[in-house]
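Subject: Structure handover

Hello,

Here is the structure I promised to pass on. Please open it alongside this note, and my findings follow below.

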Amino acid sequence: MRVSNATQFSLGVFYMQQKQQRLQNLYEQISSKQRVITAADDPSAASLAIEVSATASRNDRYVSNAKLAHDQLAITDSTLQSVADTITRIRELTIQAGKPALSDTDRSAMRSELVEVSKNLVGLLNATSAEGNFIFGGTATESKPFDIVWEPAIQITYQGNAQRQEVAIGSSRTLALTEPGNLVAGDSSVIPALTTALPAVAANPPTVPTALPAVTTDRDAFTPGNELFQAISRLDELLRVGENNAASTAAFDRMLYESRQNTAGAITPNPFKGYEDFAARADWNIPDPPNPDSGTAYYAKGMEEVLKGLDVGFEQVVSVNTIIGSRMNAADTVENIGRDQAINYTSRIEQLVGLDDDGYVQAISEYQAALTALQASQQTFSKIGGLSLFNYL
């Protein structure tokens, strides 16, 4: 078989390119400390590495979400602590307002402070996250969840929804970032009307010397979940009208009368029993009919109910804050476990496609050998390519 110069040249170039490619592969392995540069280097290991890498990416996303959740929940936690402190201040103000012999000026000053503290409370409940989203509005994050007006009377209203913002912190687990504001503090400060209004009592029944008016609302009956706002509204009313408001006193007497009638008739349940129990206390001992005027008792009972409402509202806020704390702990746990898993995933990928110390040394040795072989091939090719019969003539 005759080997032409062209054939020798092509073979020489081919083998040198092979050696260059091998040298390039070894260089990439050494520089990246990776044994598998392309899937062709080890298809099985490359496939497993891709699967592990995808799992690691999901884990990184969950870790990132857990950190986001913890940071936002921390803002909520801090805000709720401030809300609890504000409720405590309103409670202190209620105790001061319940003292006897307050003048109209005293109550007016207290009412002014109540307005400012209530505005501060609503400001806290309208807090935002680092991204500027309202954290107590449910999924309505772009508008203030709570609104307050204070003239002529304090009225607070929740305008968000009852849904929660959630984020995935696992393949089948989500964590709520927020708690709807109506579950934190209530929906409204408006005390609802009685299911059945109390009609007016005739002017001269056996036990009542004068007419008692019809009553549509029990101002001391707060609805579950709304005790905080309704207690604030009731306190505002008491500070504005004082002890000697004829209409309020008459409403107190009307419900006391109704309770005594229900008791005498063995009617249960008796929704107005609280008035009867209050009137029977040694410090009041209000007769039937109420005489003298029961205005002071009406005021005192209202303040007692305000304190009860504030205490329930405080417990409601603390309860929500406890839930927030448990979510923060859950986010911490997911983040810590996820970071440990990330290390394991990285180690597994290294085992599949990486170069250990022995492999690294071997790759350097092979690189040196391949470089020497390439240089020898280049020199041989150069000499063969320069051969000519004219050199021997």
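A residue counts as buried when its relative accessible area is under 20%. Ser-233 has a relative accessible area of 10%, so Ser-233 is buried. Keep in mind that this is a predicted model.

Where does Ser-233 lie? It lies in helix 5, which spans residues 227–241. Leave aside the neighbours within four places in sequence. Ser-233 is then in contact with Ile-154, Ser-189 and Arg-219.

Now the overall picture.

The protein chain has nine helices and four strands. From the N terminus on, the order is α-α-α-β-β-β-β-α-α-α-α-α-α. The protein chain has 393 residues, and 41% of them count as buried. It exposes about 21100 Å². Carbon and sulfur atoms supply 54% of that area. Take the contacts with a separation of 6 or more: residues 24 or more positions apart account for 70% of them.

Next, the strands.

Strand 3 covers residues 166–170, and strand 4 covers residues 173–176. The two run antiparallel and are joined by four bridges. They form a hairpin, with two residues between them. Which residues of strand 4 are the bridge partners of Gly-170 and Ala-168? Gly-170 has Arg-173 as its partner. For Ala-168, the partner is Thr-174.

Then the aromatic rings.

A pair of aromatic rings is described by the distance of the centres and the angle of the planes. To count as a pair, the ring centres must lie within 6.5 Å. The count comes to five aromatic pairs. One of them joins Phe-252 and Tyr-275. Their centres are 5.5 Å apart, and the angle between the planes is 65°. Planes over 60 degrees apart count as edge-to-face, and this pair is edge-to-face. Phe-252 lies in helix 6 (residues 246–264) and Tyr-275 in helix 7 (residues 273–280), so the pair ties together parts that are 23 residues apart in sequence. Phe-252 and Tyr-275 are both buried.

Phe-252 also forms an aromatic pair with Phe-278. This pair is edge-to-face too, at 6.5 Å centre to centre and with 80° between the planes. It links distant parts of the chain: Phe-252 is in helix 6, Phe-278 is in helix 7, and they are 26 residues apart. Phe-278 is buried, as is Phe-252. Phe-252, Tyr-275, Phe-278 and Trp-284 form one aromatic cluster.

Stay with helix 7 for a moment.

Which residues of helix 7 are buried? They are Tyr-275, Glu-276, Phe-278 and Ala-279. Why do these residues sit on the same side of helix 7? They cover an arc of only 165° around the axis, and therefore they share one side of helix 7. An α-helix has 3.6 residues a turn, so residues three or four places apart point the same way.

Last, two charges over rings.

Arg-61 lies over the face of Tyr-62, at 5.4 Å from the ring centre. Lys-119 has its charged end over the ring of Trp-150, 4.3 Å from the centre of that ring.

Then turn to the hairpin of strand 3 and strand 4.

Best wishes

Terms used: Residues are numbered from 1 along each chain as its sequence is written. This is a predicted model: local features need pLDDT of at least 70, side-chain atom pairs count only at pLDDT 80 or more; totals for chains, interfaces and linings use all residues. Side-chain values use heavy atoms; hydrogens and water are left out. Rings of Phe, Tyr and Trp (its six-membered ring) pair if their centres lie within 6.5 Å; planes under 30 degrees apart count as stacked, over 60 as edge-to-face and the rest as tilted. Buried means under 20% relative accessible area, exposed over 50%, partly exposed in between (1.4 Å probe, protein chains only). A charge sits over a ring if NZ of Lys or CZ of Arg is within 6 Å of the ring centre and within 35 degrees of the ring normal. The arc is that of the directions from the helix axis to the C-beta atoms. Contact means heavy atoms within 4.5 Å. Accessible areas come from the Shrake-Rupley method with a 1.4 Å probe; for residues, only the protein chains shown count as cover. Two strands pair if DSSP finds at least two bridges between them.
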